[in-house]
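Subject: Structure handover

Hello,

I am passing the structure on to you with this email.

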Amino acid sequence: MDTQYIRNFSIVAHIDHGKSTLADRMLEITGTVSARDAKEQLLDSMDLERERGITIKASAVTMNYVYEGHTYMLNLIDTPGHVDFHYEVSRALAACEGALLVVDATQGVEAQTVANAYLAIESGAELMGVINKADLPAAQPDVVGEEIEHILGVRKNECFLISAKTGMGVREVLDSICELMPAPKDRSREKTQALIFDSHCDEYRGVICYVRIFAGKLQLKQKIRFMGAKRTYIITEIGKFCPKMKPTGELGTGEVGYVIANIKQLADVTVGDTITDDAQPADKAMERYAPPMQMVFSDFYPGNNTDYPKLRAAFDKLALNDASFSFVPQNSPALGFGFRCGFLGLLHMEIIQERLERENDIDVIQTAPSVSYEVMARDGKITRIESPTQLPDPGHIEELREPIVRLEIITTTDTIGGIMKLAEDRRCKLMKTDYLSPTRVMMEYRAPLAEIVYDFYDLLKGISHGYATMDYEFKCFEKSNLVKIDFLINGTPVDALSLIVHRDNAEPRGRKLIIKLRRAIPRHQFEIPLQVAIGGKIIARETIKAFRKDVTAKLYGGDVTRKMKVLKKQKEGKKRMKSVGNVQIPQKAFMSILDTSD
Amino acid sequence: MTESGSQTDQDSLGLYVHIPFCTSKCAYCAFYSEPVHRHDTHRLMQAIHTELAQHDTRSVCTAYIGGGSPSSLPTSELTDLVKAIMSRCPDLAEFTVECNPGQVTLARLKQWHDLGVNRLSMGAQSFDAGELRCLGRSHDADTIKTAVHLARQAGFNNLSLDLIFAICGSTPATWQASLNQAIALHPEHISAYALTLEPGTPLAEAVAQGRQLAVDESTDMAMYEQAIAALTQAGYEQYEISNFARPGYTCRHNLGTWLNHPYLGIGPSAASSSGTTRTQNFSDIKTYVAAMESGVSPVETSVATRPMDRICETAVLNLRTRHGIDVQRFRQVTGQDPHVLFAGPIRRYCEQGLLTIEENRIFLTARALPIADSVLCDFAAL
């Protein structure tokens, strides 16, 4: 196809601002799917995504649209809307020439809108402003238009007012995409360069690569080379997403589609790699993406040691379709064999955890999530640790560095005070305050990741009555005065409960946490001493009293049904527990060490 | 009668008849009962006779009339019921009637005994006036003593006393006094129950509102151990968590329950277990009577027992007895090896000294008794 009639674009938006609804309307208007066939929010195909109303992985669809007598090929590349998946956003944007920036007319610009818009600008994509839900009584398209202009530099009078729900204004957006958005460069005569911007693994067909052709073309049976991985394959199927996979025999310059080439494992494909022709390769690969950075780590242990192989199999399966999730075997002196898992962020962790439970019947105990730290030893050697348990003896440490992020918070002006207090408590440094409008403000902080990764977002939402939004981006590792807090249960140090905190609040934190731990561990048949230590020195003790009696006095014929129910429930309550010596520690105890409430 | 601690023969059928009447409701009681004067007892008894006649009771080995308090019924109503059971259950080996010490006369006791009742279970509860008041019992210590003497006079040689410990305001000393007085009466059987504060009972409310003070867990536990020591010392063998008997005098009817044998429950709120189904009759007297009079089933709930649930029930119930799970018999009855089925909990609790395996039995250790539920729950499901 002539590249002048091709448009490749993404939609970037904050969660719930209507990105998926807009995509659905476009699919209908272009006749790609009939309204009747369209499942609500077609692009979000995983159940979990649908349930949570978020898009986790990028996906693509090709639509045909007639504008001024010409048929245009519009390739929409969907992007995730959550902070954890920035990486996926940037790789989707790299395959596009333009992006629609969707903002809810009733909500205004949110932190994630800003973060994603910046990514689009960085990638060189042409931004088009779209103000959605403009038909609602609470809509403030003028104010929102000003915010867009002020923060993102997209002119207010060039923004489209639409309602993705009713379809109002969507045709005008499609027209403008054809008219105004840049077409791909015509490099059809050059040697083949195709960017892999996503991939997933199909049980029957192996790996499916999502590609954008930048130069030359790809066709069926062609021998191709993955320039980064230095592997060659024969294309066994090639086609477009319409939105189901439809073989086309070839993909030309500027086009977006998929390639199947008998690739078994997802690990064999690096997203961002360049595909070229094996016989006539391009001179060089396209610019690589920075690899995704895992920011959050947590250990997973089978509740029952015999489930270890089952847990491994389950992780294998999850990793098959998620290149940003990783796991390595881990042996804790207290908890036995398990896995240390790495995630892009907390939401990513929760999603993996939920899928693990949903798709497998394994009782799993998870430790509190931790960030990674850089340790500079006395000899100057720098290592990265992903768990407090990996921290070397303090005597060997010259310097301990923690990850710092740039944190953006957008909120209403009346909640600034509360948010500043929260940020201060969490060691965040205010860098910049920017008024979007008389009532809304954007604050930029330098924040230690460890302080915002767990409950910060929930607290932020609470303080701002749900209005504030946040987004963050990793900046660097920075030296910090950190210490490790350890807990001993019944005299045994439980490594999986250790955490790294700033020295200034280590002691009060330790004292608070040991009480939380006491409440989280059920009474046993014996007394359980709890101790908390900082740098090997015990700073506080607590005792879990023994329970003395737990027996039903009377159990005769008429009581059996009721009693069995009660006993089953009691047994159920013992699930998701891990034994350390004779002490059964429930899942909630492992998480209680991150609880900062009073 | 079988030997103490051993098991009764297989698949003996038990019959339970529930008499939902009391002269007054006790403060701690959560059983279904209503004041006797408010109802037409005759109509209810007719309904009970009708229900009884609907079942094949020829293989019944043990019968138990409980409540409420059966002794609150008019004399003739109760004797008619006893007669009916005697005639319908030719192979009856044990026939227990529950009675309230304040409601017995020599004439009544003699009549029951002569008709074939061979075991009496008397709700003594305590010998302490304050504790009896707290429980809302209408009798006193002397009434209990008199009732026991009358029962002996009437010819009963199998007598059980129910006692309750850890009653609000009780102390190890008052409990010891009650135990001593009970032992002095030489009953063949004693049931010693910890007070259970059942939600919704006046006593539970009094505790919740601070008008009564519940006995703390450590004292409750100490009182339990005190009972076991005193009763064992006096020649009683503990054969179940709350039950003690002189050799040869275990309650065969209740042992049937703990062996998970089938039983037939007659009367309002009575429960039955056929082995594959558990049913329960309507609790409300009027509804029950109306059902019987109009010829429809009195069953309110009927739940099919899945085979695996039944196996778990058997394990839990068996473990309440000091004999525990009889491995061979368990295999015969369920087709499963308990050592395989419950390998995890058995290993864990043996290690913790809460279970013992001896010859052919798996049973709770003495240390496990006060915390039995925390062990049994791991046998309640697989």
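This is a predicted model: local features need pLDDT of at least 70, side-chain atom pairs count only at pLDDT 80 or more; totals for chains, interfaces and linings use all residues.

Chain A has 598 residues, of which 45% are buried. Its secondary structure consists of 14 helices and 33 strands. If you take the contacts in chain A between residues at least 6 apart in sequence, 70% of them join residues at least 24 apart.

Next, the helix pair. Two packed helices are described by the angle between their axes and the distance between the axes. In chain A, helix α9 (residues 416-425) and helix α11 (residues 456-463) have axes that come within 9 Å and cross at roughly 160°. Angles over 145 degrees count as roughly antiparallel, so α9(A) is roughly antiparallel to α11(A). The crossing of α9(A) past α11(A) is right-handed. On the α9(A) side, A:Gly418, A:Ile419 and A:Leu422 take part, and they meet A:Leu459, A:Leu460 and A:Ile463 of α11(A). Sorted by class, this contact between α9(A) and α11(A) has five nonpolar residues, one polar residue and no charged residues.

Between the chains, 20 residues of chain A are in contact with 33 residues of chain B. Several elements of chain B each supply at least two residues to its side of this contact, including the strand β8 (189-194) and the helices α8 (217-233) and α11 (307-320). By class, that side of chain B has 18 nonpolar, eight polar and seven charged residues.

Last, the backbone. Most residues other than glycine have a negative phi, and most peptide bonds are trans.

- The peptide bond from A:Cys242 to A:Pro243 is cis, and its omega is near -10°. A:Pro243 sits in the loop between β12 (237-241) and β13 (245-247) of chain A.
- A:Arg427 is not a glycine, yet its phi is positive, at about 60°. This residue is in the loop between α9 and β24 (429-437) of chain A. A:Arg427 has 19 other C-beta atoms within 10 Å, so it is partly exposed.
- B:Asn260 also is not a glycine and has a positive phi, near 60°. B:Asn260 belongs to the loop between α9 and β11 of chain B. With 24 other C-beta atoms within 10 Å, B:Asn260 is buried.

Regards

Methods:
Residues are numbered from 1 along each chain as its sequence is written. Chains are lettered from A and ligands numbered from 1 in the order in which they are written. Axes are lines fitted to C-alpha atoms, for helices over the stretch in contact, and angles run from 0 to 180 degrees between N-to-C directions. Helices (H or I, at least four residues) and strands (E, at least two) are DSSP runs, numbered from the N terminus. Angles under 35 degrees count as roughly parallel, over 145 as roughly antiparallel, 65 to 115 as roughly perpendicular and the rest as oblique. A crossing is left-handed if the near helix is turned anticlockwise from the far one by less than a right angle, and right-handed if clockwise. Two residues are in contact if their C-beta atoms, placed from the backbone, lie within 7 Å. Ala, Val, Leu, Ile, Met, Phe, Trp, Tyr, Cys and Pro count as nonpolar, Asp, Glu, Lys and Arg as charged, and the others, Gly among them, as polar. A residue is buried if 20 or more other C-beta atoms lie within 10 Å of its own, exposed if 12 or fewer, and partly exposed in between; C-beta atoms are placed from the backbone.
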